[in-house]
Every structure is written in structure tokens, then in C-alpha cells.
Amino acid sequence: MIDLPVNGDHDVTLCRQATRDFAKSVGMRRSDSALLTTAVSELARNILLYAGKGVLHLRLVEEGDRKGIEAEAEDKGPGIADVELALQDGYSTGHGLGLGLPGSRRLVDDFSIHSELGRGTRVRVLKWCR
């Protein structure tokens with residue numbers, strides 16, 4: 001497992017690079033790596049925007065003869081009041097376009113989110129190697 005702190009803009013860049021490097025090391029196709037890297041970038045950016053700091057975990061997942069990469073973004077921020085609403089295109093409590101979470105969900109093979117008000121948010125994405 002790779003743990004990456006997310007405390008500033010530079011860390012978002014480091015998360016992107018680490019995701020690309022990890023994807024290459026496990027043999028993920030470039031196109032799938034690009035999708036995962038974009039999703040990870042959005043999740044890291046959300047940590048900064050809404051919680052100020054957090055951590056991104058990357059790990060290899062193996063299931064039978066297939067493998068993939070799981071990325072989990074975790075923060076101890078204010079949490080999301082309405083997760084279903086936050087997953088709708090165009091919804092944003094910040095100044096963005098509201099494409100971060102729903103866009104990330106579309107880019108990966110599996111997506112889950114758990115958020116508690118006052119306790120933080122954890123978003124898990126998984127992209128399988130093809």
C-alpha cells in the first residue's frame with residue numbers, strides 16, 4: 001500500500017504521478033491509467049477544497065486472475081450533508097462545476113463513498129486492469 005498525504009496543491013500533483021507510476025508497474029493500460037489518474041486527481045482536489053487535508057491510499061487488488069488498483073481518499077473534514085445530492089452532476093457547495101464526485105464515479109469500475117457530518121469522508125474507487 002502507498003499512503004500519500006494531501007495537504008496542498010503540490011500533493012495533488014504527487015498523487016497523480018504516484019497513481020500513474022503504480023498503474024504502469026502493475027501493467028495497467030495507458031488509457032485505463034489515465035482514467036484512474038483523473039479520478040484520483042479529483043478526489044485529492046476535493047480533500048483540499050472541503051477538508052483542507054487528508055490522505056490518499058493506493059493499493060493493488062487481486063481477485064482471481066485479474067488485478068486492479070484501489071484508491072481511497074480519506075479526510076477528517078466536515079463531511080457531506082447529502083451524499084446523493086453531491087453525486088449529481090452540477091451540484092457543488094464550492095465554486096466548482098460540480099463534476100468531481102460524479103465524474104470520478106464514471107471513470108472507474110467501482111465507486112463507494114461514506115461520509116459522516118463532523119467526522120469526515122472516505123471515497124473508494126477501483127479500476128481493473130484489462
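A contact here means heavy atoms within 4.5 Å. Among contacts between residues at least 6 apart in sequence, 61% join residues at least 24 apart. This is a predicted model: local features need pLDDT of at least 70, side-chain atom pairs count only at pLDDT 80 or more, and totals for chains, interfaces and linings use all residues. Residues are numbered from 1 along each chain as its sequence is written, and side-chain values use heavy atoms, with hydrogens and water left out.

**Fold and dimensions**

The chain has 4 helices and 5 strands. Both are DSSP runs numbered from the N terminus: helices are H or I with at least four residues, strands are E with at least two. Their order from the N terminus is β-α-α-β-β-α-α-β-β. The C-alpha trace spans about 40 × 25 × 25 Å along its principal axes. The radius of gyration, taken over C-alpha atoms, is compared with a globule rule of 2.2 Å times the number of residues to the power 0.38. For 130 residues a compact globule would come near 14 Å, and the chain agrees at 14 Å.

**Burial and core**

Buried means under 20% relative accessible area, exposed over 50%, and partly exposed in between (1.4 Å probe, protein chains only). Buried residues make up 44% of the chain. A nonpolar core is a set of buried Ala, Val, Leu, Ile, Met, Phe, Trp, Tyr and Cys residues joined through side-chain atoms within 4.5 Å. The largest one has 30 residues, and L56, L58, I69 and V125 have the most contacts inside it. Elements giving it two or more residues include β1 (2-6), α1 (9-25) and β5 (120-128). The largest share, 7 residues, comes from α2. Leaving aside residues up to four places away in sequence, I69 touches F22, A23, V26, M28, L36, L58, R59, V125, L126 and K127.

Strands pair if DSSP finds at least two bridges between them. β4 (residues 110-116) and β5 run antiparallel, joined by 7 bridges. F111 stands opposite V125 in β5. The two strands form a hairpin with 3 residues between them, and G118 in the turn has a positive phi of about 80 degrees.

**Cysteines**

A disulfide is a pair of cysteine sulfur atoms within 2.5 Å. The structure holds 0 disulfides.

| Cysteine | Relative accessible area | State |
|---|---|---|
| C15 | 0% | buried |
| C129 | 16% | buried |
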